[in-house]
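Me: I have just opened this structure and would like to learn how to read it. Could you take me through it one feature at a time?

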Amino acid sequence: TLATFETDSKLTVRSVQWLRNGKQIVSAGDDGVVRLWNLDCLKKNKATKKWIGHGDSVRSLLVWQPRSAGKQQQRDVVVSGSYDHTIRVWNLSNDDEDDEQQQQEYACLGIMNHGAPVMALLFMKNHNKSNTTNMPYLLSAGGTQLKVWNFLSGQCLSTIETKHSKTITSMASMTRRTTANDEKKDSIVLQRILTAGLDGMIRIHAWSPPTNNNTSSFLKHIHGIKLQEPITSIAIDQTCLRLVIGTTKGTVFYRQQQQPTSEQSSTKRKLTSSSGELILSGSANIVVGDTNRKRYKKCQSFDKALKQFRYGDALDEALNTKNPDSVLAVLEELGRRDRGLSIALSNRDEESLEPL
């Protein structure tokens, strides 16, 4: 361990980010304070700067450090999203450390209200020709909504109602390149945004910001992936072929899409629609999936009975298969359901219970 920093509150740290110089770190957490730490500072337990303003836990941090373009100099900023429903923009370039009160007064550059506890933040590049500062779009996730912001002016550019039924907990972006024909010069760059939530769903959206000052939507839902556990975090590697998923039950899922060979590239376009660039497979604690696996087998009779909450019939159908694995699977499923096992075993005599 090269350095250890400790907050005076001793509360949970929820988010950390590196600065571009590699010598400074920003952190924030349940005490609602955003801190700047300096690896070169001899006082390891004292933050270089503290930004106070949030009234609840900070769940997400982002750092924007634009490179100077010509004579125009842009401020370095930290963006924080909190459980108090607000997004705050902090002036990272403020070096006036002589007066701490004055530093706090001018530190916060803007406050935006998402309308729900903010769980995740994401920057997306702004390719609009009128964007001379190279300032990215800011996306915030709270509740089941996404919002797109101009974070320097505080303007909300778009509000998107997602198809999530529970809180969105994480976001990730990816870029894929597809070819309309066999020539690379006609390749098309597709930008996708993935959202994951406590409903166990990963939603894939097409990112297409308007080129002019119109009101068209920034996001369009194109695909969904269902997991059996609530999702807390997702991440995509640089190749955009591998996805890791963290859940509330302590499970990490690893899914991978196979890279097509040159011979398969032409057939891939026929088999995979534009909405399915990221149909990644695999389901175990850490498993590399196979995108060529066969479809699921047809539901067994006891599966149908379970779906219809006919617990007694489900147990009978499993016993009729005379397959110990099927019987055990049904018994375990009944045990997980509220009073499922007691209902399935009720009104049975000794003869009907003998196979068990």
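Me: Let me start with one side chain: is R35 buried or exposed?

Reply: The general idea is a set of cut-offs: buried means under 20% relative accessible area, exposed means over 50%, and partly exposed lies in between (1.4 Å probe, protein chains only). In this case R35 is buried, with a relative accessible area of 4%. Before we go on, please note that this is a predicted model, where local features need pLDDT of at least 70 and side-chain atom pairs count only at pLDDT 80 or more, while totals for chains, interfaces and linings use all residues. Residues are numbered from 1 along each chain as its sequence is written, and side-chain values use heavy atoms, with hydrogens and water left out.

Me: Which side chain does R35 meet in a salt bridge?

Reply: A salt bridge here is a side-chain nitrogen of Lys or Arg within 4 Å of a carboxyl oxygen of Asp or Glu. R35 meets D8 in this way, at 2.8 Å from N to O. R35 lies in strand 3 and D8 in the segment before strand 1, so the pair ties together parts that are 27 residues apart in sequence.

Me: How many salt bridges are found in the whole structure?

Reply: The search finds seven. One of them joins K10 and E6, at 3.0 Å from N to O; K10 is exposed at 61% relative accessibility, while E6 is partly exposed at 40%. Another links R310 and D313 at 2.7 Å, N to O. R310 is partly exposed at 34%, and D313 is partly exposed too, at 36%. Salt bridges can also share partners: D8, D31, R35 and K50 are joined into one network that way.

Me: What is the bridge partner of R35 in strand 4?

Reply: Let us begin with the strands themselves. Helices (H or I, at least four residues) and strands (E, at least two) are DSSP runs, numbered from the N terminus. Two strands pair if DSSP finds at least two bridges between them. Strands of a sheet pair through backbone hydrogen bonds, either parallel or antiparallel. Here the bridge partner of R35 in strand 4 is K50. Strand 3, residues 33–38, pairs with strand 4 in the antiparallel sense over four bridges.

Me: What is the strand order in the open sheet of four strands?

Reply: The order is 1-2-3-4, with antiparallel pairing. Strand 1 (13–18) and strand 4 (49–52) are the edge strands, since each pairs on one side only.

Me: How many residues of strand 9 are buried?

Reply: Strand 9, residues 118–124, is mostly covered, with seven of its seven residues buried. Six bridges join strand 9 to strand 10 (residues 137–142), and the two run antiparallel. Within this pairing, L122 has L139 of strand 10 as its bridge partner.

Me: Now for the rings: how many aromatic pairs does the count come to?

Reply: Rings of Phe, Tyr and Trp (its six-membered ring) pair if their centres lie within 6.5 Å; planes under 30 degrees apart count as stacked, over 60 as edge-to-face and the rest as tilted. By that rule the count comes to seven aromatic pairs. One of them is F5 with W37, a tilted pair at 5.0 Å centre to centre and 35° between the planes. F5 lies in the segment before strand 1 and W37 in strand 3, so this pair ties together parts that are 32 residues apart in sequence. F5 is partly exposed at 23% relative accessibility, whereas W37 is buried at 4%.

Me: How far apart are the ring centres of W207 and F218?

Reply: Their centres are 5.5 Å apart and their planes at 40°, so the pair is tilted. W207 lies in strand 15 (residues 201–207) and F218 in the loop between strand 15 and strand 16 (219–226), so parts that are eleven residues apart in sequence are tied together. W207 counts as buried at 5% relative accessibility, and F218 is buried at 4%.

Me: Which residues do ring pairs link into a cluster?

Reply: W64, F123 and F151 are linked into a cluster by ring pairs.
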